[in-house]
Amino acid sequence: MRGSDIQTEGLFSYVSCEARVPANHPLRAIRAIVDEALDVLSLDFDAMYSAIGRPSIPPEKLLRALLLQAFYTIRSERQLMEQMDYNLLFRWFVGLSMDAPIWDVTVFTKNRERLLAGNIAAKFLAALLGQPRVKALLSDEHFSVDGTLIEAWASMKSFKPTDETDGDDDDNNGTGADAKKPAKAMARNPERDFHGQKRSNATHASTTDPDARLYKKARGQAAKLCHMGHVTMENRNGLVVDATLTHASGTAEREAALDMLSRMEGRHRITLAADKAYDTADFVAALRDIRITPHVAQNTANRRSAIDGRTTRHPGYGISQRIRKRIEEVFGWAKTTGGLRKTRHRGKDRVGWMFTLTATAYNLVRLPKLLATA
């Protein structure tokens, strides 16, 4: 017998979000790891908030929501709030009941800024790696480092001379009484001709994102406004142990590598694998000064490599060169799934915070399977 297409709504619902999420869902294992790391950050959260006043969005719920944005490639926080309103899986992961109201997107963004000021993303990554079961997966002797370009949220038309003033606008170049009138609103984005103009980061800056830098990855490629993200990976399971973001420049990768190594705990000898961009005499000498064996790929294109037979003769050098390429998986996931091919934020601090959180999300995606087979 055919059933009737009658749409009715129950007055009450007695099934919780917890009961609707399958027991074998991948987010269940991730949620347990996240909650354990958030418990470690409880004191840091207490120091960031006042003891009086109206309660804000709980920082634990805010961080879980931002992780969902990276896991499911949600392109904006406005869309994230929309999906949390009707997606029971999202409500369960964040910690909201079925009837709990969803936050306004502007309130959500303002509360995220508080976490930015507390450098919570880096502390969250450290708390995650500090868990005993996760720490057992990490190598404490062999690491790799690399950097990648992250396209800035700024148009090339915003890259203007630093001494350019509003009075130079062609739409407000009158004299006398006309000069005192405000500039007319443009009906559309004006055209700009860059041919014949010499532009560089020394004389120009973006009016949209002043922290972005004009940079091109190789000769013959287009220059873009971008930031540069850097990651340190341990070589046993390919997990990210540190992440940072800098201005894009020719020396940023090597400078960021030394900065991340200075934050690494322990004083025993380790190895560091890297690509040809790190094969410079200064960088290799700096690594040896701090008791780090440089497993850097040799760059012999019309030059002499700083890596000689003292390093390449060991079998560990070849192993490091093979494993270091796994760091590209971090960048590939962050740009395709994590949404960092072109950042949605402006400013080095905001972009760097999201870059570190996305690197943490990459670890969380891989940890359940690694822990299950450990």
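**Aromatic pairs and a helix contact**

Tyr 362 is buried in this predicted model, its relative accessible area being 5%. Trp 333 also counts as buried, because its relative accessibility of 15% falls below the 20% cut-off.

Because Trp 333 belongs to helix 14 (residues 327–336) and Tyr 362 to helix 15 (residues 348–373), the pair ties together parts of the chain that are 29 residues apart in sequence.

Elsewhere, Phe 71, Trp 92 and Phe 93 form one aromatic cluster. Trp 92 has a further neighbour in Arg 31, which lies over the face of the Trp 92 ring at 5.5 Å from the ring centre.

The axes of helix 10 (residues 252–262) and helix 11 (residues 281–289) come within 11 Å and cross at roughly 5 degrees. Since angles under 35 degrees count as roughly parallel, helix 10 is therefore roughly parallel to helix 11. On the side of helix 10 the contact is made by Arg 254, Ala 257, Leu 258 and Leu 261, which meet Phe 283, Ala 286 and Leu 287 in helix 11. The residues of this contact divide into 6 nonpolar and 1 charged, with no polar residue among them.

Technical notes. Residues are numbered from 1 along each chain as its sequence is written. This is a predicted model: local features need pLDDT of at least 70, side-chain atom pairs count only at pLDDT 80 or more; totals for chains, interfaces and linings use all residues. Side-chain values use heavy atoms; hydrogens and water are left out. Axes are lines fitted to C-alpha atoms, for helices over the stretch in contact, and angles run from 0 to 180 degrees between N-to-C directions. Helices (H or I, at least four residues) and strands (E, at least two) are DSSP runs, numbered from the N terminus. Angles under 35 degrees count as roughly parallel, over 145 as roughly antiparallel, 65 to 115 as roughly perpendicular and the rest as oblique. Contact means heavy atoms within 4.5 Å. Ala, Val, Leu, Ile, Met, Phe, Trp, Tyr, Cys and Pro count as nonpolar, Asp, Glu, Lys and Arg as charged, and the others, Gly among them, as polar. Buried means under 20% relative accessible area, exposed over 50%, partly exposed in between (1.4 Å probe, protein chains only). Rings of Phe, Tyr and Trp (its six-membered ring) pair if their centres lie within 6.5 Å; planes under 30 degrees apart count as stacked, over 60 as edge-to-face and the rest as tilted. A charge sits over a ring if NZ of Lys or CZ of Arg is within 6 Å of the ring centre and within 35 degrees of the ring normal.
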